[in-house]
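Visitor: I would like a short tour of this model. Where shall we begin?

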Amino acid sequence: MQKIDKYDFNGKRALIRVDFNVPLDKETFEVTDDTRIRAAVPTIKHVLNNGGSVVLMSHLGRPTEGGEPRFSLKHIIKRTSELLGVEVIFAGDCVGEGAFEITSKIKPGQVVMLENVRFYKQETTGTESFAEMLSRHGDVYINDAFGTAHRAHASTTVVAKFFPNDKMFGYLIESEIKSVSKVLESDEKPLTAIVGGAKVSSKITIIERLLDKVDHLIVGGGMAYTFVKAMGGKVGNSLVEDDFLTVAKEIIAKAKSKGVDLYIPVDTLAADSFSNEAATQLVRIDEIPDGWMGLDVGPDTMEDCAKIIETSKLILWNGPMGVFELENFQKGTIAVAEAIVRATEKGAFSLIGGGDSVAAINKFGLADKVSYVSTGGGAMLEYLEGKELPGIKAILD
Ligand code: AMP
């Protein structure tokens, strides 16, 4: 494996897998959120500033075979050119003759964007011959698409084998990996993880892994009610996974045996329906009346969580504390976000990783006040679970 900082790009064509799967306006096809394009700029600029040229490949959406114009990467050209300050040439295809003609003539300082790799089904099936064709566009391969690193696709994984001595991570993947290691591998203490979101079932692997690492584990969101019920509490109509009551009990026991301080919310904002207009009442979390459901944590829980978070040195947050999409049930999630910001101001390292907590921190405008916000939803979740991501393994091998 090579390091992007040490590699000599002079006169080389860098084939870069980026994640430009960005949201587009349904009518004008303009890019409505360019976060993912911005995230790839440092890697692209590094190659250009060091005498190389760049061939970009990405997927966009989930097109059917043959491709649909609405999923064409031509919609991304304008914004990418603006962000790079360089005209981006569109190849119109990713493996056709015309595309090879363009990338074979590319000159140092130039940037070409291939068409959506998912216009060929061989991309998602990870077909080797297709990956080999893609590999012809570059002399060196850089994977900077963390968001798809958990997929063993042609452009994210298989293509790497055609660059045995010239493959590396881009800056984005490097920083994602670095931030997870910083939280989970460093010796600083205390380490607090806040795991919220809808279901125990989707977070069980991450919780089990975290129990070996953390000092405090705060459980929030919909999954808290399964824990409360497992302990004999009354949860009314709250979200509960009855199949996971035993698992919840086992987690409680494991936390005890490992000396992990497991925090389960003590109060809740209960609603009489799943709606922003619902009637509400604050109750103890184990005394939710029949017909009511907990949609957010209450003030005592917010205070307890803030205390734990603000005395932590390392913080990992995955999953909201309540139904933060509804304005009346976002207070608990805001309280956690603000406590993380205060801890970060005091010197803690905070990683917001995976799914809806990233959406939440962006929604509250606090993303630049924490240490690191991951771009890789499902990939980050799998990485935190300790799984080997094929896109990462392909570079390391
Ligand atoms: P996840 O993708 O597993 O992180 O789950 C995020 C979702 O969990 C969000 O859409 C939240 O609205 C939802 N959620 C959080 N708290 C609750 C709750 N108390 N009841 C139902 N859903 C919740």
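Guide: We begin with Glu-132, which is partly exposed at a relative accessible area of 28%. Buried means under 20% relative accessible area, exposed over 50%, and partly exposed in between (1.4 Å probe, protein chains only). This is a predicted model: local features need pLDDT of at least 70, side-chain atom pairs count only at pLDDT 80 or more, and totals for chains, interfaces and linings use all residues. Residues are numbered from 1 along each chain as its sequence is written, and side-chain values use heavy atoms, with hydrogens and water left out.

Visitor: Which residue forms a salt bridge with Glu-132?

Guide: Side chains of opposite charge can pair when their charged atoms come close. A salt bridge is a side-chain nitrogen of Lys or Arg within 4 Å of a carboxyl oxygen of Asp or Glu. Here the closest N and O atoms are 2.9 Å apart, and the partner of Glu-132 is Arg-136.

Visitor: Is Arg-136 buried, exposed or partly exposed?

Guide: Its relative accessible area is 43%. That value makes Arg-136 partly exposed.

Visitor: Is Glu-385 buried or exposed?

Guide: Glu-385 meets Lys-387 in a salt bridge, at 3.0 Å from N to O. Lys-387 is partly exposed, at 41%. Glu-385 has 11% relative accessibility, so Glu-385 counts as buried.

Visitor: How many salt bridges does the count come to?

Guide: Some residues are linked in a network of salt bridges, including Glu-30, Arg-38 and Lys-78. Lys-254 also pairs with Glu-208, at 3.1 Å. The count of salt bridges comes to 24.
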